Amino acid sequence: MGLEQYQGDMEMCCRCSACKFIPMQKVKGHQYAYVCPSISRYNFHAYSGGGRLNIGAAMLKDGFKYTDKLLDIVYNCQLCGACGVSCNYAMDMEVLQPITEFRIKCVDDGKTHPALDKVIANLRKQGSMISGAKGKRGAWATGLNIKDAAKEKVDVLYHVGCLTSFDKNMQKLAKATVKILQKAGVNFGIFGNAETCCGGRAYQMGYTKDFLNQAKKNMAMIKKAGVKTLVTGCADGYQAFKVLYDKYELKGDLKVLHISEYIAKLIQDGRLKPRKKVVMTVTYHDPCRLGRLGEPWVHWKGKKIPGDRFVFDPPKPYRRGTNGVYDPPRDVLKAIPGLKLTEMTRIKEYSWCCGAGGGVSESNPAFARWTARERIDEAISTGAEALVTACPWCEKTFTETIKDSGSNLKVYDIVEIVEKAV
Amino acid sequence: MALKKGVYQEFESVVGEENICDDPAIMPSYFNTKFAAIILPGNTAEVQAVIKLCNKHKLVFRPICTGWTGGFPPDIILLDLRRMNRIIEINEKNMYAVVEPYVISSQLQAELFKRGLNFCIKGAGTNCTAMLRGHGHMDQTTSGDDRNHLAIEWVTPEGNIVRTGALGSTDEWFCGDGPGPSLRSILTSAVPPGVTPGVFTKAAVKLYHWPGPSEFPIAGRSPKYVLSEIPPNMMARYYSFPSVEKMWQAEIGLGEAEICYELMGFNAAMVAANITTSNEEDEAMFNRLNKEVQGPGFFVIIAGNSPADFAYKKKVLEKIVEEAEGKSLKTLEDPELEGIIMCQCTRISASIRETFRPGGAFNSIPIMGQRDLTIKWAIGAGEAKKPLIEKGLIVDDGGAFFGWGVEQGHLGKTEIFCKYSPSNPEAKEAVETWQREQSRRAFTERYFASTMGPQDDIGPSLCNYHLWWSKLLKAIDPNGVSPEAGSLV
């Protein structure tokens, strides 16, 4: 069905521009009112959620005429889903789904972005989204005494993810996670060198076949190992295993948790006690794919009821982004002695993206950094000394941007903060 | 019609490569037409330069803000004013704010609330420009239409910069009519085309006292934001009445008493749209409220400056409503729903629910004038909707209209609309026919002369104003490059 199934949704768009801003009741002033990086950076209405729907509706009607500008619009979008959250405050219609389908159609039609093609070529060759990655995927774990989940029975599989596995600057997150899990006495393991990419970022880039290929590989390994619970430290991985695998009916009964959820549970159960003071004022950045896009998939089949209203039989349950993972990371931070959490204006379901999603960090790094800079400014405005996130892609983008800007703001993943406290 | 390369380059030299586009792929995002180009000017000087080029090359232009209005003819230059998004000044002492076209109402209001101030947000919604002229939910105390525009910076259709009112002789924005030139009759014209040619690049809007909180205490999650508590000295209620006459009696009484912060003549359908989070819920709530109301009604917000002021206003409200045999809608006395609608109708954050959510489109006939007269017309227009409802062409709202007193009832606004699916051409045609017929009926039955009505019929009865307007247009736009502009929604 692809894009066609969303024709009615796209035709519902009234160009009200709500998709450009955070939900209107949440606007607290002139600053930090925008929610969509793409329209904020490129200004033409076509770069907004609504503009994308209007283009999609027109092209379904009049035929697809690809131009360089169209592809610029398509690929300069993090597919962060903020537009849909703001729209769906008032409207009953799909927003991110048709935008995603539009990108998938571009890829299927061979209208790809060369930088993304390169990333996908690497995925096909090495099972990783990190182009040019050298060494073995599980090398970071050498000497840490971690079980091989493919060979030993474990309660929890820790899926490390491509960036954390291969990027020397991010491997600290894997090591911190291991330390925390070991401290709490969790019977966990990894797939080590056998681990493969979740496929989530391939999906964001529009390469569904590659995503499905990865998903099938992963689920085969997981089933073979008898894993019941998977913990991921990466928001992209979380969305892939939890939401996208479910969308394509591949997830089965696998329980998927983000590391922040799992740590919150360990603290709640008394298995992990953050006792050491971490005297610091921090602000928390909700990663898109842990927050609004981490909302569970809802399986629904139905038909539009003919007539004046855009309603369905059975009623369509819209995913409005509010059932993502918002409280557990905050609960973890609040449990750390000495740490003070201060909030930014754009949080939870209407959080501003870090810039890395949708392949933008590969296809247009300058736009990714521009997006990150907006968020860094917002973080600084809270008076925080550090920006805490829960995804290595966010941390990498923020860190690189801060390095360029000369700001003193520090960036941590939540596991690094917990590691300091246990 | 694509621009010739040289002409395109002239525009590009004004706004820069990033801010002009004539790629056909981008056009449908604005409207299903082929624009000559979309241009994003960043300041007044760029607007002026672009307009001068339009005159030089005889190219028609039209500006937009957030952009849900239109109808655009093909081959025009579209000026998207998105980059002009600064609040220039908030003058608390003289109670005005100066904004550029792409400051949305929500942004300005949030800044004003922090200062104990507010302004008139138009019914189109808080997602639209703060510069928009028109009427809104808070007209009872914030007035409406051109009364809220003070000094204006206007780039004329020929590309001259005109600064009106106080701005014409000083750097102050406090007055639209002097000591500099007053062009109120042209700049804020309510006659067809109903909008001013050229481009407003900055405008001062009048500010009003806000007795409510600096920020509403919002809890919950989208799409159900609720207030964690009703702010002190505030109350929201919906009252229904046994007849239109009784409702009108109460509306006049409340206006004379000057006790309502907001008096919004919602019908049950609009109340239901505000407090519900989906189309299904909306329909069920509408059916429930329809049974609960005894007749037409309105929604009221009381906001006291002190506990004593609040108690006084509440007492007067209850007395006037009682005398008019009004009945409070029990459903809205639930503090959760009271909080939702109080916040929605102050921040004007649910206009999209009221208009677009059910079907995706709506057509409206808005009327400014004497409320009792316009209500009588609206009853007929509502009856004329019923066959369309029965055929399933438009959303069932009971054939209702809505409206409210402006300036404590000194003036009034009445409006009626049909909501329908834009994918259904039959519905669209039926609604447009209804719109034409009811506008014509308003004039032929001598209720009022609608600005949307048949101007060649109406004009001769009103001193041929339409011919004078045409002459004025010709004088200020000799090249005919700005035939229908000022569309600042």
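How much area is buried between chain A and chain B, and what percentage of it do carbon and sulfur atoms give?

## The A–B interface

Putting the two chains together buries about 5200 Å², with carbon and sulfur atoms giving 54% of that area. Buried area here is the accessible area (1.4 Å probe) that two parts lose on being put together, summed over both. On the contact list (heavy atoms within 4.5 Å) you'll find 58 residues from chain A and 65 residues from chain B.

Before going on, keep in mind that this is a predicted model: local features need pLDDT of at least 70, side-chain atom pairs count only at pLDDT 80 or more, and totals for chains, interfaces and linings use all residues. As for bookkeeping, residues are numbered from 1 along each chain as its sequence is written, chains are lettered from A and ligands numbered from 1 in the order in which they are written, and side-chain values use heavy atoms, with hydrogens and water left out.

The rule finds 4 salt bridges across the interface of chain A and chain B; a salt bridge is a side-chain nitrogen of Lys or Arg within 4 Å of a carboxyl oxygen of Asp or Glu. Over all chains, the search comes up with 48 salt bridges. One that crosses between chains runs from B:E215, in the loop between β11 (208–209) and β12 (218–221) of chain B, to A:K28, in the loop between α1 and α2 of chain A. The closest N and O atoms of B:E215 and A:K28 are 4.0 Å apart.

On the side of chain A that touches chain B, the elements giving two or more residues are α1 (7–12), α2 (37–42), α3 (49–62) and α4 (68–75) of chain A. The largest share, 5 residues, comes from α3(A). Helices (H or I, at least four residues) and strands (E, at least two) are DSSP runs, numbered from the N terminus.

## A parallel sheet in chain A

Four strands of chain A make an open sheet in the order β9-β6-β10-β11, with parallel pairing. Two strands pair if DSSP finds at least two bridges between them. β9 (339–341) and β11 (410–413) of chain A are at the edges, each with a single partner strand, so one side of each has no neighbour in the sheet. β10(A) (residues 386–389) is joined to β11(A) by 4 bridges, and A:T389 has A:D413 as its bridge partner in β11(A).

Helix α17 (residues 392–405) of chain A packs on this sheet, touching β10 and β11 of chain A, and its direction makes about 170 degrees with that of β11(A). Axes are lines fitted to C-alpha atoms, for helices over the stretch in contact, and angles run from 0 to 180 degrees between N-to-C directions.

## A mixed sheet in chain B

Chain B has an open sheet of 4 strands in the order β1-β2-β4-β3, with mixed pairing. Its edge strands are β1 (20–21) and β3 (61–64) of chain B. β1(B) and β2(B) (residues 37–39) run antiparallel, joined by 2 bridges, and B:C21 stands opposite B:I38.

A cis peptide bond joins A:D313 and A:P314, with omega about -5 degrees. Another joins B:G178 and B:P179, where omega is about 10 degrees.
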